[in-house]
Amino acid sequence: MTLKSRATLLKDSLHPQGYRFQTFLLSFPKCLLAELNTHRSLVRNVGSSRAIPVTKLIEKVETDPYIPCFTENKKGMSGEYITDSSVIEEATTWWNRALKEAISSSLWLDDLNIHKQDVNRLLEPFTYINVLVSGTDFEHLYDLRISDQAQPAFCDIAKEMKALSDESKPDKLAYGDWHIPFDKYMYNSLSLQQKIKVAVARCARISYENHDGEFDKNKDYKLHDFLIENKHLTPLEHICKAIDVVQDSNFSINVGGYDYTLPSSLLGTLSFRTSKYFTWEMIWTRQYKGFYTYRHMLEDNNSIYDY
């Protein structure tokens, strides 16, 4: 049996100083999400069962349920794939029984008018989800998850991601160029600001699984504004701009007449530009090396046209 997971490298951008910002669209069983969530240097948007009607989710698990590639019990956290077909067949039978019981219980709860955010929890062990993940540091994920100690199913996903990355030729950016996922959903006539708004909406809709729907830029603009007004800002972190990064091991700056010495531990998180008010202006790019995200620009009260 083969796990029905997949990975797509949506956008791959190379900073002038060699940093690489990548956005993957992943599909894998919901139960494996914890394997990804431990990597805090990466930003994620995840398909939510709270956004899907009960009957629609039941239809999904009936037509395409997650059934594990079963592993043999042994000491430790990771088992090895079972090859005995009779054991796999019997394990699959018991798994499908559990699925049918979860569906039956979900229908009873739905009839009681229980909200889908509660009912769908019963179905989650059998569902696949879409996950959008971006960042400049995937090496830790590969080091930890491509391992005999990792859960085999997620190890396979990590291997697929790394293979895509190794084969990809990233877009070479100049300072000031943008990394904008889902650009294939955009008309060339859109302005930079419009493209960013559309990209934010597409990144957010991972929660509604609507990437393949019709293109409606006005709906995208409204969703963009709704997200910002209600402080749902994670989708804004997949869109970012390449900016200059200080590479000295130790450095000093003068801001407003005061001298500051900054430690090497901040390398890769600080960028500078000349300013008409100060000798230097310091920009903290958080966990992304060389890239300043749209979210952090807004939080820092900066414009997309700065830097």
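Figure 1. Val 61 is placed in helix 2, where helices (H or I, at least four residues) and strands (E, at least two) are DSSP runs numbered from the N terminus. The model shown here is a predicted one, in which local features need pLDDT of at least 70 and side-chain atom pairs count only at pLDDT 80 or more, whereas totals for chains, interfaces and linings use all residues. Residues are numbered from 1 along each chain as its sequence is written, and side-chain values use heavy atoms, with hydrogens and water left out. With a relative accessible area of 1%, Val 61 is buried, a class that means under 20% relative accessible area, as against over 50% for exposed and the range in between for partly exposed (1.4 Å probe, protein chains only). Not counting residues up to four places away in sequence, Val 61 touches Leu 99, Ile 103, Leu 123, Phe 126 and Thr 127, where contact means heavy atoms within 4.5 Å. Between the C-alpha atoms of Val 61 and Tyr 128 there are 8.4 Å in space, while the two residues are 67 apart in sequence.

**Figure 2. Packing of helix 2 against helix 3.** The axes of helix 2 and helix 3 (residues 85-111) come within 11 Å and cross at roughly 170°; such axes are lines fitted to C-alpha atoms, for helices over the stretch in contact, and the angles run from 0 to 180 degrees between N-to-C directions. Helix 2 and helix 3 are therefore roughly antiparallel to each other, given that angles under 35 degrees count as roughly parallel, over 145 as roughly antiparallel, 65 to 115 as roughly perpendicular and the rest as oblique. From helix 2, the residues Val 54, Thr 55, Ile 58, Val 61 and Glu 62 meet Leu 99, Ile 103, Ser 106, Leu 107 and Asp 110 of helix 3. By class, this contact of helix 2 with helix 3 divides into six nonpolar, two polar and two charged residues, where Ala, Val, Leu, Ile, Met, Phe, Trp, Tyr, Cys and Pro count as nonpolar, Asp, Glu, Lys and Arg as charged, and the others, Gly among them, as polar.

Figure 3. The structure holds one cavity of 30 Å³ or more, and about 70 Å³ of space lies in the largest cavity. A cavity is a set of points, on a 1 Å grid over the protein atoms alone, where a 1.4 Å probe fits but cannot get out, and lining residues have an atom within 4 Å of a point. Grid points are joined across faces, edges and corners, and a volume is the space filled by probe spheres set on the points. Twelve residues line the largest cavity, and of these Ser 49, Ile 52, Thr 127, Tyr 128 and Ile 129 lie nearest its centre. Helix 2 (54-63) and strand 6 (128-135) are the elements that give two or more residues to this lining. The lining of the largest cavity divides into four nonpolar, four polar and four charged residues.

Figure 4. Glu 124 lies in the loop between helix 4 (116-119) and strand 6. At 14% relative accessibility, Glu 124 counts as buried. Leaving out residues up to four places away in sequence, Glu 124 touches Lys 30 and Ser 49.

**Figure 5. Helix 7 and helix 8.** Helix 7 (residues 192-204) and helix 8 (residues 217-229) pack at an angle of about 75°, and their axes are 8 Å apart. The two helices, helix 7 and helix 8, are therefore roughly perpendicular to each other. On the side of helix 7 the contact is made by Gln 194, Lys 197, Val 198, Val 200, Ala 201, Arg 202 and Ala 204, which meet Lys 217, Asp 220, Tyr 221, Leu 223, His 224, Asp 225 and Leu 227 in helix 8. This contact of helix 7 with helix 8 has seven nonpolar, two polar and five charged residues.

Figure 6. Asn 113, in the loop between helix 3 and helix 4, has a positive phi of about 65° although it is not a glycine. Asn 113 is exposed, with a relative accessible area of 70%. Phe 182, found in the loop between strand 8 (178-179) and helix 7, has a phi near 60°, a positive value in a residue other than glycine. At 4% relative accessibility, Phe 182 counts as buried.

How values were computed. On a 1 Å grid over the protein atoms alone, a cavity is a set of points where a 1.4 Å probe fits but cannot get out, and a pocket is an open set with protein on both sides within 12 Å along at least five of seven lines; lining residues have an atom within 4 Å of a point.
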